Amino acid sequence: MVNKFSIAELRAGLEAVAEEYDKRGGEPLNVVIVGGAAAVFNFSFYPEANDIDYLPEKSSPLLEECIAAAGARLDFREGWMNEQSSYLQEKYAAGDRENFFSGSIPLPIKSERIFFRAQGLEWYLAIKLRAFRRYRHDATDILGLMLEKRSQGQEITAKYLEGCYNKFYGMARTPITEATEFLATLDDCPDLEKLRQLYFLEERYQQKIYDKFTLFLLNKVDKEVWKEIVRYHFRFWTSAEDIRKTFEEFDIKAGERAIKNVADCIFPFVYKLSAEEFLAEPVENLLMRQHKKISRRL
């Protein structure tokens, strides 16, 4: 059974879906592939995806049937292709339908009725900033893409990233604090590869913290409340007071020490070095210092 998907497997999956859709006479439908699968199609730094997230022009029960049939035929695991319109489309596309398709690239999947596109460079970067999370690989994905484009002669700067964000979300939608802090680290950054390695280490740390926090919450609230806290509260906390307010809102019993422990674990430590120190210090030394700092907090 296939659990991770290479570009060949992603293409085979979409071709099987298109075959099923054509065979069943579905009405013409545009579908945009987003997230990791789009990165696999468009960028070499991203070799495989966990699944295929997609945004349909409109919801289609027939398409869902075709996805299930194609997955069974190819022995793909359940959930290999997931509609994201209930959350992603509202957040990323509904406010700008023109950019919804202008920010995507046609995929060479033959079909008379269903037309697949993949999220393009600017839209991919904009979404990464919009959904920026330390416990995922948003920072290292952006840095990996910056390094890939640099090798091709194209420089992606913090200003370019801000421009991508503003194109899709407008000046009124300020990026969340984590994304703003990340953009600030890119100003005058002398070594993107060294920075990528340090961010990768922090992302592993933050994933462990996220997992611990999930266990902590699931011992106190049901799964739906947990989803609400993680999606709309956890990512936007900036102080222990924010944590306290959330706990009070959901009637989670926790003393001051517990709140302080959560705050100490969750809030990011920033590896601040001058440009001179950053360049002079071997990456092995930086990683060791970062690792020691992480180990003391886990």
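Helices (H or I, at least four residues) and strands (E, at least two) are DSSP runs, numbered from the N terminus. The structure is a predicted model, in which local features need pLDDT of at least 70 and side-chain atom pairs count only at pLDDT 80 or more, while totals for chains, interfaces and linings use all residues. Residues are numbered from 1 along each chain as its sequence is written, and side-chain values use heavy atoms, with hydrogens and water left out.

We can start with the sheet. Five strands form an open sheet in the order E3-E2-E1-E5-E4, with mixed pairing; two strands pair if DSSP finds at least two bridges between them. Strand E3 (81-83) and strand E4 (104-106) are the edge strands, each pairing on one side only. Direction ignored, neighbouring strands of this sheet are turned by 35° against each other on average. Three bridges join E4 to strand E5 (residues 114-119) in the antiparallel sense. Ile105 stands opposite Ala118 in E5. Helix H1 (residues 7-23) lies across strand E1 (29-34), strand E2 (52-56), E3 and E5, and runs at about 155° to E5. Such angles run from 0 to 180 degrees between N-to-C directions, and axes are lines fitted to C-alpha atoms, for helices over the stretch in contact.

Next come the helices. Two packed helices are described by the angle between their axes and the distance between the axes. For helix H6 (residues 121-130) and helix H8 (residues 158-169), the axes come within 8 Å and cross at roughly 90°. H6 is therefore roughly perpendicular to H8 (angles under 35 degrees count as roughly parallel, over 145 as roughly antiparallel, 65 to 115 as roughly perpendicular and the rest as oblique). Contact here means heavy atoms within 4.5 Å. Among the residues making it are Trp123 and Ala126 of H6 and Tyr160 and Leu161 of H8.

Leu161, in helix H8, is buried, with a relative accessible area of 0%; buried means under 20% relative accessible area, exposed over 50%, and partly exposed in between (1.4 Å probe, protein chains only). Leu161 and Ala126 are 35 residues apart in sequence but 7.2 Å apart in space, C-alpha to C-alpha. Not counting residues up to four places away in sequence, Leu161 touches Leu125, Leu129, Ile142, Met146, Ile156, Leu183 and Leu186.
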